[in-house]
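The sequence and the coordinates are shown first, and the notes come after them.

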Amino acid sequence: MANFSNSVDADGSARMARALREAFFAGLIALGMFALFVGLESGQNIRNELVLIPHPKTLTILILAVMAARFLMVAYVSPYLASQKVRNVTTGEMPTTSAARFFRLPAFIIALVLAVAMYVFASQAEQSLSPTGLAYFGMVRGLAVIYAIACFFFYFRVFVGDNFAKLAIVALVLYPPVIVYFFGFQGSLKWIDNFGIQILIYVMLAWGLNIVVGLAGLLDLGYVAFYAVGAYSYALLSSYFGLSFWVLLPLAGILAAFWGMILGFPVLRLRGDYLAIVTLAFGEIIRLVLINWTAVTKGTFGISGIAKATLFGIKFDATKTGFAALMGLPPSSAYYKIFLFYIILALALLTAFVTIRLRRMPIGRAWEALREDEIACRALGINTVTTKLTAFAIGAMFGGFAGSFFAVRQGFVSPESFVFLESAVILAIVVLGGMGSLTGIAIAAVVMVGGTEILRELSFLKVIFGPDFTPELYRMLLFGLAMVVVMVWKPRGFVGSREPTAFLNERKAVSGSFTKEGHG
Amino acid sequence: MTGIETAMIQDPVLKVEHLSMRFGGLMAINDFSFEAARGNITALIGPNGAGKTTVFNCITGFYKPTMGMITLRQKAGPEFLLERMPDFEITRDAKVARTFQNIRLFSGLTVLENLLVAQHNMLMKASGYTVLGLLGFSGYKKAAAESVDIARHWLDRANLLNRADDPAGDLPYGDQRRLEIARAMCTGPELLCLDEPAAGLNPRESLALNDLLRTIRTESGTSILLIEHDMSVVMEISDHVVVLEYGQKISDGTPNHVQNDPKVIAAYLGVEDDEVEEVIAVVEGHEGGAL
């Protein structure tokens, strides 16, 4: 017995030593990684000279956080998890999932009470607390709300899982009135425009790209080109010919689909990396044409003053025949934003509907078969040329729809909106969501786009890192970090399994370990 | 080569004449001719590297032969010159289906979906090339239901009905082999080309395969051309055997005839260098005797 406790002690001190050592190395790695990313900022001084602004405090906090996390992980978390595993084996009981351990009923009730109480006493808190305290107050309240919502979804996960699509559509349709009710017309702008419309544009783009990448397995790094074609189709044709949004929306889709075919032809023979490089080049060519064909596109100045969309001819402006005046409502710019929200919602749902329908049709099955094995497809009499071209064309068409919507929403387009980074973000959303899964991709878009938008709201970070800390600057860093975390945790994306398109007896999801990513 | 007569066949489904395939300096197939009779099981055998799979790839359009003519004659009469057609048209129009030596299933699709992909061209027409189906016309729904019935029929024959909703990649090896054959049959072929269907199967699975091939022949009247190393399969089910060595035909006839052909025995068992002359003498003597 004495021996045993001795060995446990020795084990414990050895583990502490190892934890300290690993924390030190983690700190070194963090220093190496963040020294340039976070520790230094290039800026201008008053004489317009390039200067380096060091951020030692931010850097130190970050490194300490990494070291502490590594220490805790090695010293406490991993032994705890290991002992849990041993206990599960010895008791012979089914292990409770980590989710079930995390979402406990008492904790849920506490979080709920806390969130409600903090909302009830919000006005008192505003008067009595210092700005720093208020920031922490907001953070705790936010965490409590997130935890309570997560718990709610966890307890009703079966119901939510079964009716996810219906619930999501109902929630999205009700979203604008609910937001307006809580924040008023002026306060709702941010939530409907920055969060609602912005996220839905990316959802639609990612769903469009999903047809090419997720279903047909053709890696397309230049998808933003079709977005640009759609946006410029609307911008140019409405400025030069005065055509309305509703006429140009399908036209933009058709033009983008046409360019999808143009891209498709030369890349038919290419696979994998080679295909990716050529599509990347195609995206850049479109952007460079937009920059340099100044006679038509006005180059980098872009096209401004693009006509707004109308509702059956009713304009959304402050004139007598405008929407607000006709409906007898006080003038506000929020009506137009809400109108746009419903347009992009309808477009995104159209994309989803068509994708779901196509998957159950021979062409959709041929796309997925193409992703699995192109040679077998040819041996079964499938014309792979037309199959690939339709995938490119239909994917591009939805990109074109989204592009013309983008133009009408911004009222301004310039080549700067269609850089490679946009393609990369859209592709990242498709990959993170789980290639082929509409639900997963929608979740990924909310997390990635909404997550970076919410960074603007995190004022409590200023308390930790100092008042001149701007969380938005770290957008891409966090974006990359989130991607790494998700890919380690779920290598096949949020929804890795695939829903079969037909069944004899019962519909069983196909595990992601069987599906392939495609070779081209 | 000159000594081996091409067996005369009444109603050939496939006629291969003077087929040659050259890869750079390598003559993979050299002036190879044979015929496969309608409704028969024809086996193509030979040692490793003899060029059997190359012949298959030429027939199914994956390779374009350097020389020669490959004619497929359907039951209804139309003839197709396969060497002039792209691979997918050979399956779609000439109705030649094939399987692969290394199984090529759509592993992430379910067993049923694999069989539905094989009916692509029929369903494409029924769905008005997607447009009518997308708009919800009833013609496509009827065709889709029919395609599931066809799939069910072949799943039943391949004894895979209870695995219909599982991913194809999840099936054991023997089942995957039979699924690949069932999938090829869903294209409604006149000629089914099987590349080593029994490779890697245990004896029981081999028997199940034999049953499936016999069922295909008797029920659908599809002619079968197969490459096989497993002699128990070849000798038991085939009506006609063609032997290939170094890209040339060395024997052609019934399983019994081929089994006793000294050239075939020499090719399979191998002979010492100093015995070559002796063997040739025996072979020539044998041929003289046979004629």
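The notes below are grouped by topic.

The model is predicted. Chain B contains twelve helices and ten strands, and 53% of its 291 residues are buried. Across all chains there are 20 aromatic pairs and zero disulfides.

**Make-up of chain B**

- Of the contacts in chain B between residues at least 6 apart in sequence, 66% connect residues at least 24 apart.
- One open sheet of chain B has six strands, with mixed pairing.
- Another open sheet of chain B has four strands, with antiparallel pairing.

**The six-strand sheet of chain B**

- The strand order in this sheet is β6-β7-β8-β3-β9-β10.
- The edges are taken by β6 (96-98) and β10 (248-253) of chain B; each has a single partner strand, so one side of each lacks a neighbour in the sheet.
- Direction ignored, neighbouring strands of this sheet are turned against each other by 20° on average.
- Strand β3 (residues 41-45) of chain B has five of its five residues buried, so the rest of the structure largely encloses it.
- From β3(B), Ile41(B), Ala43(B) and Ile45(B) point one way, while Thr42(B) and Leu44(B) point the other way.
- β3(B) runs parallel to strand β8 (residues 223-227) of chain B and is joined to it by four bridges; in this pairing Ala43(B) is opposite Leu226(B).
- β3(B) also runs parallel to strand β9 (residues 240-245) of chain B, again with four bridges; here Ile45(B) has Val243(B) as its bridge partner.
- The pairing of β9(B) with β10(B) is antiparallel and comprises five bridges, and Glu245(B) is opposite Gln248(B) in β10(B).

- Helix α7 (residues 173-185) of chain B lies across β6 and β7 (191-195) of chain B, and runs at about 155° to β7(B).
- Helix α8 (residues 203-220) of chain B packs on the sheet and touches β3, β7 and β8 of chain B.
- The direction of helix α8 of chain B makes about 150° with that of β8(B).

**The four-strand sheet of chain B**

- The strands of this sheet follow the order β2-β1-β4-β5.
- β2 (26-37) and β5 (79-81) of chain B are the edge strands, each pairing on one side only.
- From one strand to the next, the twist averages 15°.
- Strand β1 (residues 12-23) and strand β4 (residues 67-73) of chain B run antiparallel and are joined by five bridges; Lys15(B) has Thr71(B) in β4(B) as its bridge partner.
- Helix α1 (residues 52-59) of chain B packs on this sheet, where it touches β1, β2 and β4 of chain B.
- The direction of helix α1 of chain B makes about 115° with that of β1(B).

**Aromatic pairs and clusters in chain A**

- Tyr223(A) and Phe226(A) form an edge-to-face pair, with 6.0 Å from centre to centre and 75° between the planes.
- Tyr223(A) counts as buried because its relative accessibility is 1%, and Phe226(A) is likewise buried, with a relative accessible area of 1%.
- Phe226(A) also forms a tilted pair with Phe282(A), with 5.9 Å from centre to centre and 40° between the planes.
- The pair of Phe226(A) and Phe282(A) links distant parts of the chain, 56 residues apart: Phe226(A) belongs to helix α9 (residues 224-241) of chain A and Phe282(A) to helix α11 (residues 272-292) of chain A.
- Both members of this pair, Phe226(A) and Phe282(A), are buried.
- One aromatic cluster consists of Tyr227(A), Tyr232(A), Phe406(A) and Phe418(A).

**Charged groups over rings**

- In chain A, the charged end of Lys490(A) sits over the ring of Trp489(A), 5.7 Å from the ring's centre.
- In chain B, Arg183(B) lies over the face of Phe106(B), 4.8 Å from the ring centre.

- Cys58(B) takes part in no disulfide; the nearest cysteine sulfur belongs to Cys193(B) and is 12 Å away.
- This distance is too far for a bond, since a disulfide requires sulfur atoms within 2.5 Å.
- Cys58(B) is buried at 1% relative accessibility, and Cys193(B) is buried with a relative accessible area of 0%.

Methods:
Residues are numbered from 1 along each chain as its sequence is written. Chains are lettered from A and ligands numbered from 1 in the order in which they are written. This is a predicted model: local features need pLDDT of at least 70, side-chain atom pairs count only at pLDDT 80 or more; totals for chains, interfaces and linings use all residues. Side-chain values use heavy atoms; hydrogens and water are left out. Rings of Phe, Tyr and Trp (its six-membered ring) pair if their centres lie within 6.5 Å; planes under 30 degrees apart count as stacked, over 60 as edge-to-face and the rest as tilted. Buried means under 20% relative accessible area, exposed over 50%, partly exposed in between (1.4 Å probe, protein chains only). Helices (H or I, at least four residues) and strands (E, at least two) are DSSP runs, numbered from the N terminus. A charge sits over a ring if NZ of Lys or CZ of Arg is within 6 Å of the ring centre and within 35 degrees of the ring normal. Two strands pair if DSSP finds at least two bridges between them. Axes are lines fitted to C-alpha atoms, for helices over the stretch in contact, and angles run from 0 to 180 degrees between N-to-C directions. Contact means heavy atoms within 4.5 Å.
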